[in-house]
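Thanks for coming. I will go through one structure today, starting with a single residue and then taking the rest part by part. Please have a look at it first.

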Amino acid sequence: MKVISVRENPDYKDKAIAYFQKNWKSVLPIIYEDCITHSIGARNPLPQWYILEKNGEIIGCAGLITNDFISRGDLYPWICALFIEERHRGNAYGSLLMEKAKEDTKKAGFEYVYLCTEHTGYYEKYGFHYIGQGYHPWGEESRIYELKLDKDNVP
């Protein structure tokens, strides 16, 4: 099992783009293609894109970005697009992607990391705390979660 940073492993770029596009169909395909492509060699530490590989098969993904299409532009970075293949859920594999994102967040000098979701109960298991609602450009709202990074929750 390994978490692969596309920025650190640019040979995974095309596989990562295809995987994100396949599993996040509600997002225009060009968004992932453009963002992942330009993350490689970016002068800033964000964005980061990750894939989770098990026995040579990609089974999950996540990103670390400056804004997850949400009204709270004052908060960043955001863990986004966390996805684990249904047949692999229930094994805490999502936590592996979150750990890598937390590690990169800390390396970049940030004290907090955020995410927005409609799920309740899942992210709380990993130390995230609900801090309020945020609003998307398409008229929906999401729950916003925050995690303060410290030595106890970052590798």
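Is Lys2 buried, partly exposed or exposed? Lys2 counts as partly exposed, because its relative accessibility is 44%. On this scale buried means under 20% relative accessible area, exposed means over 50%, and partly exposed is in between, with a 1.4 Å probe and protein chains only.

Before the rest, two remarks on the basis. This is a predicted model, so local features need pLDDT of at least 70 and side-chain atom pairs count only at pLDDT 80 or more, while totals for chains, interfaces and linings use all residues. Residues are numbered from 1 along each chain as its sequence is written, and side-chain values use heavy atoms, with hydrogens and water left out.

Back to Lys2. Its side chain meets that of Glu53 in a salt bridge, at 3.9 Å from N to O. The pair links distant parts of the chain, with Glu53 in strand 2 (residues 48-54) and Lys2 in strand 1 (residues 2-5), 51 residues apart. A salt bridge here is a side-chain nitrogen of Lys or Arg within 4 Å of a carboxyl oxygen of Asp or Glu. Helices (H or I, at least four residues) and strands (E, at least two) are DSSP runs, numbered from the N terminus.

Why does Glu53 count as buried? Because its relative accessibility is 9%. Not counting residues up to four places away in sequence, Glu53 touches Met1, Lys2, Ile4, Tyr12 and Ile58. Contact means heavy atoms within 4.5 Å.

How many salt bridges are there by this rule? The count comes to 12. Another of them joins the side chains of Glu57 and Arg87, at 2.0 Å from N to O. This pair also links distant parts of the chain: Glu57 is in strand 3, Arg87 is in the loop between strand 4 and helix 3 (93-107), and they are 30 residues apart. Glu57 is partly exposed, with a relative accessible area of 34%, whereas Arg87 counts as exposed at 55% relative accessibility.

In that loop between strand 4 and helix 3 there is also His88. His88 counts as buried, because its relative accessibility is 12%. Leaving aside neighbours within four places in sequence, His88 is in contact with Lys54, Glu57, Ile59 and Tyr93.

A further salt bridge is formed by Glu111 and Lys148, with the closest N and O atoms 2.3 Å apart. Glu111 lies in the loop between helix 3 and strand 5 (112-117) and Lys148 in strand 7 (residues 141-148), so the pair ties together parts that are 37 residues apart in sequence. Both ends are partly exposed: Glu111 has a relative accessible area of 43%, and Lys148 is at 39% relative accessibility. Elsewhere, salt bridges that share partners join Glu8, Lys100, Glu103, Asp104 and Lys107 into one network.

Strand 7 also has a pairing partner. Strand 6 (residues 129-135) runs antiparallel to strand 7, and 6 bridges join them. Two strands pair if DSSP finds at least two bridges between them. In this pairing, Gly132 stands opposite Ile144. The two strands form a hairpin with 5 residues between them, and Gly139 in the turn has a positive phi of about 95 degrees.

Next, helix 2. Which residues of helix 2 (residues 29-39) are buried? They are Tyr32, Ile36 and Ser39. Seen down the axis of helix 2, these buried residues fall within an arc of 60 degrees, so they line one face of the helix. The arc is that of the directions from the helix axis to the C-beta atoms. Their cover includes helix 1 (13-23), strand 2 and strand 4. Just after helix 2, Gly41 takes a positive phi of about 80 degrees.

Last, the surface. Leu28, Ile30, Ile31, Phe69 and Trp138 form a nonpolar patch there, with about 520 Å² of accessible area together. Patches are made of residues with over 30% relative accessible area and no salt bridge; like charges are joined within 9 Å, and nonpolar side chains (Val, Leu, Ile, Met, Phe, Trp, Tyr) within 5 Å. Accessible areas come from the Shrake-Rupley method with a 1.4 Å probe, and for residues only the protein chains shown count as cover. Phe69 counts as partly exposed, because its relative accessibility is 42%.
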